Amino acid sequence: LLLRRLEYGTNTALLGAIMFLVIRMVIWQMGSAETDVPVAALVSLSLLLYLILRSNQSFGLDIIFGLVLGSSVLMKYHGFVAVAAMGPFILYDAITRRKALSSISVGAFISLLTLTPHLVQDFVLTGNPIFPLFNSLFNPSMPLVIGAEYANIYGTGRDLIDLIIAPWTIFVLPTHYFDGMVIGAPYLLVFFPLIFFNIRKVKVWLFPLGFVLIYFIIWFWFLSQQVRFLAPTFPILSAMSAAGLVTFWSVIKHSRLLKTLFSLPVLILALNQLLFVGVFALLRLPVSFGLITALEYHQKTPTMNGAYFVTCKYIEKNLKAGEKYFVLAPFVSFYCPQASSTLIYFAEEQGWWLKSENPPEMSKSQFLERLNREQFKYFLVQFKTKASKRISSKAFVAEVDLSLYRFGAYLNAAFKNASPIAEGPYSAIFDGKEILELLNKDALDNK
């Protein structure tokens, strides 16, 4: 739609859509409950709407623009970065009166109105309407929810030289970033500059290109430099790359030699990217068409920590109404029952992270007393984790030190003396009664 709005042909628009759809992260998130691709869709749609509004005044479109832009922030706070990246252009249009101030005000008001319920809820719960952003300003005595130590572990640095070479590093040396492999072959880097071979057409790209540049600078200096957080720029870069490819092809179309030479890198980049698409198709299509079961799919498919599929399905099948289970792991898997789980802390302790850097103290005897009261049916434990060395991307499986979890040190001996009733590659299920008996026996022996 963006390319069609900028008066490119249908084939160019389709090429742009394909270039976006084959980005590794997009392919991966199509089958996942993620937010990066949806926020990219909302941001690119809001940019398209504003492009239309710059030349066509419409009260109805002002409302839709505000609704879409506000929704991008609701989807993920990186929508705020998109708002900031559009800000200079909206301000310019207001100063030059390219757009009426009333029209801009409508869009801003609707965006704020869309966000208001969430802002109010955040303020009531935490005292910060945009929690956890800028929490040190709203709650200076509150511990940092997102520690500063995470700000500089995902990228390569924040010097000017790092900024200049960042596009090359992201696309050509992607493992220098924590999640640099989420894009794939560097076709966006190769093709989007080719739009400059048609100088007369460059003017229509000034707003989208300016948006990408401002967003990228904010991402580089103020965010954690995770490459997937650049997702809102991917639809625009894909559109520019398709336009650049078509533009350059039209420049060389009368030279057989140049077309042949240019076709070689195009084919190499396309094949490189399609290998990833093909692998994902081979992985996902059999289960999509019912050729293999979900269990077979999860057993054969590389997944971060196995998604606890085997153990979660055991709980889902055997846990009765009113029964609960305890989770000793970083999170409750998507595949596990949610409402009946207790993840490391108990219901009345929720929100401790707003007051302290550490959870409330609970002695071993207090914890045992609580377990006897709760009578958990099962204990779900993550024993192993998958990790990788960033530069080499070589994956390996590591044992989890249970003492790093709250209550892990209390439970570890009982787990060693019990046998799992269900086990996956990374997690295991223990019978709640057996674990409780072992803990109670240990408590009696140590009196």
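Which helix gives the largest share of the nonpolar patch? The legends below answer this and describe further close-up views of a predicted model.

**View 1. A nonpolar patch lies on the surface of the predicted model.** The patch is formed by Leu160, Ile161, Ile164, Ile165, Trp221 and Phe222. Together, these residues have about 660 Å² of accessible area. Two elements, helix H9 (160-172) and helix H12 (206-222), each give two or more residues to the patch. The largest share, 4 residues, comes from H9.

**View 2. Isoleucine 165 is a partly exposed residue of helix H9.** This residue is also one of the members of the nonpolar patch. Its relative accessibility is 39%. Because this value falls between the limits of 20% for buried and 50% for exposed residues, isoleucine 165 counts as partly exposed.

**View 3. Isoleucine 63 of helix H5 is shown with valine 106.** Helix H5 spans residues 59-75 and contains isoleucine 63. With a relative accessible area of 31%, isoleucine 63 is partly exposed. Along the chain, isoleucine 63 and valine 106 are 43 residues apart.

View 4. Helix H17 comprises residues 364-374, and helix H19 comprises residues 432-445. Their axes come within 11 Å and cross at roughly 140 degrees. The crossing of H17 and H19 is left-handed.

Technical notes
Residues numbered from 1 in each chain as written. Predicted model: local features only at pLDDT ≥ 70, side-chain atom pairs only at ≥ 80, totals over all residues. Heavy atoms only, no water. Patch = residues over 30% accessible without salt bridge, like charges linked within 9 Å, V, L, I, M, F, W, Y side chains within 5 Å. Areas by Shrake-Rupley, 256 points an atom, 1.4 Å probe, with all protein chains shown as cover. Salt bridge = Lys/Arg side-chain N within 4 Å of Asp/Glu carboxyl O. Buried < 20%, exposed > 50% of the residue type's maximum accessible area, 1.4 Å probe, protein only. Axes fitted to C-alpha atoms, helices over the stretch in contact; angles between N-to-C directions. Left-handed = near helix turned anticlockwise from the far one by under 90°.
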